[in-house]
Amino acid sequence: MRNMRLFLVLIVVLLIAAFTVQAQNKYIGVKMCSMCHKTDKQGKQLDIWQKSDHAKAYKTLNTPKAAEIAKAKGLTKPAVEAAECLDCHAPAYKVDAKLLDKSFDLKDGVQCEDCHNAGSAYKTILIMKDKAKAVAAGMREFKDAAAVKASCVTCHNEKSPTYKGFNFEEALGKIRHPVPKG
Ligand code: HEC
Ligand code: HEC
Ligand code: HEC
Ligand code: HEC
């Protein structure tokens, strides 16, 4: 009985510790992730991302078209400062500044960690090489295609002022950045 209670207390303490570690993961930014994710052998994730519209999502908010949309919506702030736009164009704007490393740049728009979660705890080579360890250290796991799609449509939906529908397979084809097999 006594042992059982001790055991339960231990479990609770471990769970709290695990959640605290994850909650404190910092955003290190696309430059840091890319140190290891730019070679041919790794699959050139940096290059693929840079050529995708996600890389320019923040800058888009500085264009005349964005200003027009913001005005039509009656926003009192410029698009690039408005939560109504940053929510999808640079979602880390709402992260506590303490959790953003110096190397993190909001101007990089929709970047690695917006989809894969803050990486300070999983970025080391020993953890990265072992998917289970990376996931335990906070890396997001996409169980299947449905989970991937669900993550896309948190932004690709009718709340986007320029939304014209979302073809998941086609869109994924444009941004996929797999590690080459073998
Ligand atoms: C020190 C080098 C290094 C850094 C820094 C690094 N990675 Fe990795 N990453 C790797 C290696 C090595 C693999 C394993 C690749 C393989 O499957 O052969 C990997 C795998 C991954 C995977 C695939 C996991 C799986 O098996 O499904 C993702 C996603 C990923 N990294 C994202 C990131 C993100 C996001 C960052 C920045 C927060 C980052 N990495 C930083 C080296 C690194
Ligand atoms: C955090 C919000 C967010 C998430 C999550 C997101 N996107 Fe995007 N995506 C955007 C924004 C914002 C743009 C427009 C950027 C611009 O033009 O400046 C965009 C543009 C695109 C484009 C280019 C425009 C087009 O429709 O052809 C593709 C392709 C795309 N995303 C695919 C995806 C896929 C696939 C996923 C899921 C794996 C995904 N996105 C997840 C915000 C997001
Ligand atoms: C719910 C997520 C979401 C919100 C909120 C959002 N956007 Fe976007 N935005 C997107 C996505 C996704 C795309 C690319 C595909 C599309 O048009 O739906 C995009 C594309 C754009 C484009 C490029 C369109 C083109 O092809 O020329 C502009 C400009 C833009 N958004 C401005 C804004 C402005 C200004 C706001 C704030 C008033 C805003 N967005 C709010 C998700 C969002
Ligand atoms: C818009 C969301 C999004 C962005 C931005 C993004 N990724 Fe991914 N990434 C994904 C998704 C979703 C998958 C899984 C795709 C699949 O299963 O086909 C993935 C897969 C990966 C993989 C594993 C590929 C494999 O073969 O298993 C690596 C490595 C990776 N991403 C690294 C990065 C790095 C580094 C960056 C930044 C330069 C980045 N990602 C930016 C959504 C994103």
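Modeller: Helix H2 (30-34), helix H3 (45-50) and helix H7 (112-116) each put at least two residues into the shell around ligand 4. Helices here are DSSP runs of H or I with at least four residues, strands are runs of E with at least two, and both are numbered from the N terminus. This is a predicted model, where local features need pLDDT of at least 70 and side-chain atom pairs count only at pLDDT 80 or more, while totals for chains, interfaces and linings use all residues. Residues are numbered from 1 along each chain as its sequence is written, and chains are lettered from A and ligands numbered from 1 in the order in which they are written.

Biologist: Which helix gives the most to the shell around ligand 4?

Modeller: That's H7, with four residues. A residue counts as near a molecule or strand if its C-beta atom, placed from the backbone, lies within 6 Å of it. Ligand 4 has 20 residues around it, and His 37, Cys 112, Cys 115, Pro 178 and Val 179 come nearest.

Biologist: How do the residues of that shell around ligand 4 divide by class?

Modeller: Ala, Val, Leu, Ile, Met, Phe, Trp, Tyr, Cys and Pro count as nonpolar, Asp, Glu, Lys and Arg as charged, and the others, Gly among them, as polar. For ligand 4 that gives eleven nonpolar, seven polar and two charged residues.

Biologist: Which residues are closest to ligand 3?

Modeller: Cys 85, Cys 88, Lys 159, Ser 160 and Thr 162, out of 23 that surround ligand 3. Helix H5 (64-72) and helix H6 (83-89) each supply at least two residues of this shell, and H6 has the largest share with five. By class, the shell around ligand 3 has eleven nonpolar, seven polar and five charged residues.

Biologist: And which come nearest to ligand 2?

Modeller: Of 21 residues around ligand 2, the nearest are Asp 53, Thr 60, Cys 152, Cys 155 and Lys 174. Two or more residues come from each of helix H4 (57-60), H6, H7, helix H10 (145-152) and helix H11 (168-175). H11 gives the most, with four. This shell divides into eleven nonpolar, six polar and four charged residues.

Biologist: What share of the chain counts as buried?

Modeller: A residue is buried if 20 or more other C-beta atoms lie within 10 Å of its own, exposed if 12 or fewer, and partly exposed in between, with C-beta atoms placed from the backbone. Here 21% of the 182 residues are buried.

Biologist: Where does Lys 44 lie?

Modeller: In the loop between H2 and H3. Phi of Lys 44 is near 50°, a positive value in a residue other than glycine. Lys 44 is partly exposed because it has 17 other C-beta atoms within 10 Å.

Biologist: What about the place of Asn 117?

Modeller: Asn 117 sits in the loop between H7 and helix H8 (125-128), and its phi, near 80°, is positive too, in a residue other than glycine. With 19 other C-beta atoms within 10 Å, Asn 117 is partly exposed.
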